2 protein chains.
Amino acid sequence: MNPELLQWFIPIAGLLAVGFAFYLARDVLSRDTGTKEMMEVSATIQEGAVAFIKRQYMTIGLLALAGAVIITVIISLLETASVADTSHVGIDIGIRTGGAFLIGAACSMACGIIGMLVSVRANVRVASAARRSLVEAVQVAMRGGAVSGFLVVALSLLGVWSIFAINGGLAGGDSTKDAPFLIVGYGFGASFVALFAQLGGGIYTKAADVGSDLVGKVEAGIPEDDPRNAGVIADLVGDNVGDCAGRGADLFESTAAENIGAMILGVGVYAVALKAGWSNPTAWIFFPLVIRAFGLVSTIVAMFFIRGKETENPMNILNRGYWVTTILSAISLAFVTSVMMNTGTTHGDNGIATWVYFFGCGVVGLATSIAFVYITQYYTAGSFRPVREIAEASKTGPATNIISGMAVGFETTAVTAVTIGAALLASNWLGAHSGLGSVGGIFGTAVATMGMLMTTAYVLAMDTFGPITDNAGGIAEFSRAEAGARDITDRLDAVGNTTKALTKGYAIASASLAAFLLFSAYIDKVNLILARQIEAGTRSAADGLMTSVNLANVNVFVAALIAAMLVYFFSSLAIRAVGTTAQAIIVEVRRQFREIPGIMDYTGRPDYARVVDITTRAALKEMMLPGIVAVATPIAVGLLLGYQAVAGMLMVGTIAGVLLATVLNNGGGAWDNAKKYIESGHLLDDNGNVLGKKTDAHAAAVVGDTVGDPFKDTAGPSLHVLVKLLATITLVMAPLFIR
Amino acid sequence: MNPELLQWFIPIAGLLAVGFAFYLARDVLSRDTGTKEMMEVSATIQEGAVAFIKRQYMTIGLLALAGAVIITVIISLLETASVADTSHVGIDIGIRTGGAFLIGAACSMACGIIGMLVSVRANVRVASAARRSLVEAVQVAMRGGAVSGFLVVALSLLGVWSIFAINGGLAGGDSTKDAPFLIVGYGFGASFVALFAQLGGGIYTKAADVGSDLVGKVEAGIPEDDPRNAGVIADLVGDNVGDCAGRGADLFESTAAENIGAMILGVGVYAVALKAGWSNPTAWIFFPLVIRAFGLVSTIVAMFFIRGKETENPMNILNRGYWVTTILSAISLAFVTSVMMNTGTTHGDNGIATWVYFFGCGVVGLATSIAFVYITQYYTAGSFRPVREIAEASKTGPATNIISGMAVGFETTAVTAVTIGAALLASNWLGAHSGLGSVGGIFGTAVATMGMLMTTAYVLAMDTFGPITDNAGGIAEFSRAEAGARDITDRLDAVGNTTKALTKGYAIASASLAAFLLFSAYIDKVNLILARQIEAGTRSAADGLMTSVNLANVNVFVAALIAAMLVYFFSSLAIRAVGTTAQAIIVEVRRQFREIPGIMDYTGRPDYARVVDITTRAALKEMMLPGIVAVATPIAVGLLLGYQAVAGMLMVGTIAGVLLATVLNNGGGAWDNAKKYIESGHLLDDNGNVLGKKTDAHAAAVVGDTVGDPFKDTAGPSLHVLVKLLATITLVMAPLFIR
């Protein structure tokens with residue numbers, strides 16, 4: 001089969017997935033919207049969500065516009081013929097980069113907006129379906145979630161492909177070889193939006209959660225999610241804002257960054273292929289996009305396997321689809337590698353064909369994805385040791401609960417680091433023995449990343465399943481639906497908690513692999529520039545290329561120290577922002593209790609919209625400082641300490657960020673589920689009596705849960721984005737750091 | 001002046017300081033021992049401390065013996081002529097290294113034992129002095145603490161100098177040049193003991209604290225430090241065990257490691273000096289030890305400046321001595337650099353003499369030390385924003401207290417990293433422009449480290465001041481001393497909390513600088529071995545030397561990832577060990593309440609010794625797993641991923657360890673002082689009423705304080721040691737990692 005044919009599969013699969021997303025959206029919207037009460041609540045949530053979206057994306061859009069202008073100017077001025085890595089220089093490359101940045105930003109925003117609009121409409125339909133059937137409710141929630149999932153991956157793919165095409169990527173030869181370097185602006189745009197979407201959303205959702213709990217449950221003594229509390233709708237809106245829009249932007253960026261990084265590495269293999277005379281050397285550059293296209297189609301097929309019995313654990317129904325996606329991905333991986341990696345008479349070690357080695361790399365990636373799914377489950381599900389340990393520690397009060405939770409959070413880094421390390425070493429080893437020479441190892445790690453990200457659309461659908469079912473439960477509660485429906489939404493909500501945690505583990509692993517790719521791409525780019533300067537005589541040949549990122553160099557060491565510090569400092573700002581924003585909610589709800597007559601006896605309606613508006617504004621204000629710190633630090637380090645130091649910052653920042661995010665995400669998840677474990681009556685005292693709700697142990701567990709909230713839903717996920725932002729920002733700004 | 005004369009100042013100052021320590025000890029022991037009740041309590045604490053020392057140092061001694069045997073065997077087998085970095089090979093070098101290891105271990109243990117024996121005798125004398133005079137109490141406590149301080153620095157100096165002399169370091173020429181490589185075993189021995197002393201002591205002290213609080217205050221409802229609680233004596237013993245013996249071993253290792261690392265770097269300068277024909281090239285190798293000797297003498301002088309008024313803040317009295325030490329150190333630094341760094345006609349940039357640049361480096365080090373003293377104060381003292389913020393957050397319960405404390409802990413990394421980074425960059429810049437060529441930069445950072453560590457003896461004396469005054473307060477309370485005495489011990493105790501926190505900041509900064517030195521020494525050592533192998537033909541010349549620690553190499557990246565993970569995992573084990581040990585105490589105290597008649601009405605005496613014994617045994621058992629993980633991980637990584645990867649592990653492990661320790665130490669300190677802030681009545685509600693003890697806000701702050709305990713006194717300080725252990729272990733085991 002001609003590999004060039006497969007290249008056309010990229011836009012086809014992308015458009016197919018977009019079409020499928022619209023089909024799913026129509027299907028979801030056509031469902032029954034439940035009782036009048038349900039519709040009322042849902043409408044209020046929608047209203048709040050739309051208000052948030054408008055303000056949030058207006059702000060982010062303006063920031064992105066300003067960013068695009070600044071980037072265009074900087075690149076136009078800096079990327080002169082002597083430092084450019086392609087034949088495009090000056091204003092030409094400036095506008096190309098700024099334009100790509102804007103398109104990346106726009107696509108990311110579009111995914112977030114459409115995904116959220118569908119998910120806030122799906123919630124009431126899930127609540128309605130829960131009155132009839134568990135399986136139907138699972139299907140509606142999953143299809144609603146899949147709209148986001150497909151849009152994110154498909155738009156990321158189509159975006160990269162289109163800019164690649166615009167920049168002459170389809171013309172073949174040198175034009176194709178240069179194009180990957182021209183699309184890095186797209187990745188930067190995606191990171192930029194992801195940073196603010198995740199930060200703003202994360203701050204909003206947890207401030208609403210903590211603030212309305214403190215002012216309602218603690219101060220006024222009314223139940224959680226009580227309609228008299230004006231902060232409750234903000235809380236329900238927050239679930240969509242943080243988990244749905246935030247994580248969508250996060251993984252949009254992962255796939256975009258990975259596509260770009262892998263294509264740049266593909267250029268290295270292209271040179272090898274050209275020299276060796278293999279047929280279709282450009283196939284190596286297209287390979288990452290083709291793999292992604294097949295991943296999308298595998299996921300479309302898997303959507304039809306989401307079915308099961310009414311009595312079944314809903315998690316099993318979702319797992320069925322996940323395994324179908326994984327198996328189909330593995331099969332298509334074998335097909336694509338065997339077609340596109342035709343190395344003629346060259347073979348890997350032991351006479352095994354080159355493509356077999358890379359198929360192995362892809363399988364390593366798929367296996368890593370599966371490993372993270374189970375690791376996260378072990379550390380955050382009530383059936384295993386860690387959560388039980390925290391629940392037991394709650395017996396002696398909040399202090400021991402917190403200590404135990406921190407110990408568990410710290411512990412989770414071990415298996416995370418070992419898994420990522422093993423995946424890198426294994427795929428690097430396979431690539432190095434594939435017969436591709438020195439570029440093989442790093443390209444092997446790229447293929448592993450591609451393999452891992454083949455299932456992104458499905459994982460994202462499972463993630464968005466979380467806020468949809470969470471909201472469905474809230475709607476059922478709020479509208480006082482029948483017990484049967486509430487029982488089903490409760491079961492779905494518990495599953496949703498697990499899937500949200502899984503996605504974070506998946507996002508973190510993919511962030512670290514994507515950052516490693518972009519790091520290699522950064523080195524390639526710096527060396528292209530250095531080579532040009534040496535050739536042009538503006539740099540002494542004795543200076544040589546960047547052959548290593550030398551930690552023994554004091555500048556690199558200091559940059560690494562700053563990078564590791566940055567992840568703590570950034571998290572500190574994000575966590576503190578939640579507290580400040582929550583204060584704004586508390587003040588407003590208190591005012592409403594005081595000034596609006598009849599709230600307490602249900603005769604007066606609280607002003608939900610005002611709380612949503614105040615929270616939105618406060619969250620957007622508070623996201624600025626951590627956002628600016630994240631963008632400014634790598635640029636400042638690059639300017640002060642040079643291009644090699646930035647590379648050190650990138651690597652060590654990735655390591656530190658991934659591990660701290662693991663601590664925060666898993667620690668938070670474990671605290672959350674330790675509380676649920678106690679609420680479900682699993683904790684017993686020395687005499688075998690159940691220690692359930694309203695005991696001291698439960699109160700201690702609630703403290704842990706509250707502490708974990710900003711950890712796992714604000715700081716942790718924002719760190720994923722920070723790690724990738726470090727990579728894209730340095731890649732785009734590289735000429736700035738070379739003197 | 002002839003620099004060789006200054007070399008003889010090393011043993012003289014060392015012996016002088018040892019003599020001075022004995023003079024101080026005699027002086028302290030000659031003081032009045034207070035009332036009969038005071039003597040009784042003190043005797044019980046002494047008894048417990050001696051029991052702990054016996055068991056703890058027996059265990060550590062056996063571990064050290066086993067370690068020495070293993071090291072001797074490994075080095076004898078590995079360090080054959082083809083890989084040795086000196087002319088000593090095989091059994092010869094094996095026995096030399098094993099012997100140095102044992103001497104290092106023995107010196108460290110001797111410091112810990114003598115220091116603790118003096119400090120548990122000083123406590124009652126301070127309590128007695130407090131009945132008469134504040135200034136006298138400060139002097140007794142500070143002199144008791146200085147016994148540890150002087151012994152630690154002097155024995156470290158004499159030990160390094162003696163082994164250096166035994167290995168021919170005084171013979172001049174090549175013999176002097178080789179000797180520094182033969183003493184690395186001493187540093188490893190010191191690290192090894194420090195690891196277990198700090199871990200065992202840290203686990204013991206916090207388990208006793210948390211365990212006796214939970215079983216006494218929470219369960220039985222009796223006050224803290226109540227004599228009916230059998231765990232209270234264990235708690236008082238614990239203060240000495242953790243802060244005194246633990247931190248002593250920690251800084252013993254810092255100074256030993258820094259001496260060795262700086263001497264190895266001095267060998268590089270020696271080569272430059274020899275080639276340039278400067279007089280006394282060996283002076284560069286002796287320089288680190290001479291500087292240390294002058295630091296000791298400066299501190300001896302400063303001890304006589306610890307005086308002040310009865311009405312004065314005791315912190316001012318201590319600061320007076322610190323500033324005298326610093327100023328005398330700066331003066332002697334100028335003297336020593338000008339005498340020993342005679343570069344003949346060679347000058348640094350701008351015609352400034354070479355020694356002036358290095359004097360500048362030393363001043364950078366002294367300034368770093370001062371900076372850390374004030375940074376720690378800002379973040380952990382009640383007069384500044386961070387602690388107040390945590391106290392305010394306590395108003396809304398334990399969850400917000402914890403969130404706020406974590407945010408503060410995370411935030412403290414920023415100024416820590418920037419200060420260390422600035423010190424490294426500045427001293428590297430000064431060194432690079434000093435006229436020493438390419439070795440100048442790294443030697444500049446070495447001189448900065450020396451400058452910083454000149455004040456170690458004084459800082460350690462202030463640190464041990466902490467447990468002594470803490471115990472004095474406990475004794476006054478326990479023996480129901482008059483209010484005036486208790487008032488004075490309370491004031492001293494508050495100062496002691498600050499000095500303990502300061503020492504941790506100081507220890508962390510010195511750990512990072514010492515690790516950076518040892519890292520450079522490691523690279524030198526590896527290259528010596530590689531050069532020999534290439535010369536001998538057992539290694540291809542094309543492989544070349546290790547010119548960089550390349551983060552872009554996948555093995556290095558994975559090792560760095562493992563290193564950053566190790567600091568979390570190790571902390572998790574240490575924190576968990578505290579919980580397990582505390583459980584053992586709770587079970588035993590409960591048993592005593594139940595089985596010993598008359599405890600509650602003071603007619604029966606609890607069995608304090610048994611609790612001490614049980615805690616000791618449990619702590620020693622629990623320190624094994626984290627200890628083994630710390631020792632085994634770098635060796636495993638070196639064996640699997642090679643010598644370059646280990647270097648990456650070292651650097652990134654240092655960065656990650658220093659930052660996590662900063663988070664844990666400062667977060668813990670801030671929580672502790674937020675509680676004290678509330679107890680002193682500084683927290684007001686919205687109407688201006690004091691929220692003091694027994695309010696909900698205070699209860700919330702107690703939760704934070706308890707969470708902080710294992711952070712700041714077990715995991716944090718153990719991380720300092722881990723960082724340096726990584727360095728010494730890889731330096732000694734280097735031949736193992738080269739294949």
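Q: Is the crossing of H15(B) and H16(B) left-handed or right-handed?
A: In this predicted model, helix H15 (residues 456-478) and helix H16 (residues 483-536) of chain B have axes that come within 7 Å and cross at roughly 145°. The crossing of H15(B) and H16(B) is left-handed.

Q: How many charged residues does the contact of H15(B) with H16(B) have?
A: Sorted by class, this contact of H15(B) with H16(B) includes nine nonpolar and eight polar residues. The charged residues in the contact number six.

Q: How many disulfides are there over all chains?
A: A disulfide requires two cysteine sulfur atoms within 2.5 Å. The sulfur of A:Cys107 has its closest cysteine sulfur in A:Cys111, at 6.8 Å, and therefore the two are too far apart for a bond. Over all chains, the count of disulfides is zero.

Q: Is A:Cys107 buried or exposed?
A: A residue counts as buried under 20% relative accessible area. The relative accessibility of A:Cys107 is 15%, so A:Cys107 is classed as buried.

Q: What span does helix H10 of chain A reach from its first C-alpha to its last?
A: Helix H10 of chain A covers residues 314-340, which makes 27 residues. At 1.5 Å a residue the expected span is 39 Å, and the helix comes close to it. The span reached is 39 Å.

Q: Where is A:Asn280, a residue with positive phi?
A: Most residues other than glycine have a negative phi. A:Asn280 is not a glycine, yet its phi is positive, near 55°. Its place in chain A is the loop between helix H8 (232-276) and helix H9 (283-302).

Notes. Residues are numbered from 1 along each chain as its sequence is written. Chains are lettered from A and ligands numbered from 1 in the order in which they are written. This is a predicted model: local features need pLDDT of at least 70, side-chain atom pairs count only at pLDDT 80 or more; totals for chains, interfaces and linings use all residues. Side-chain values use heavy atoms; hydrogens and water are left out. Buried means under 20% relative accessible area, exposed over 50%, partly exposed in between (1.4 Å probe, protein chains only). Helices (H or I, at least four residues) and strands (E, at least two) are DSSP runs, numbered from the N terminus. The expected span of a helix is 1.5 Å times one less than its number of residues. Axes are lines fitted to C-alpha atoms, for helices over the stretch in contact, and angles run from 0 to 180 degrees between N-to-C directions. A crossing is left-handed if the near helix is turned anticlockwise from the far one by less than a right angle, and right-handed if clockwise. Ala, Val, Leu, Ile, Met, Phe, Trp, Tyr, Cys and Pro count as nonpolar, Asp, Glu, Lys and Arg as charged, and the others, Gly among them, as polar.
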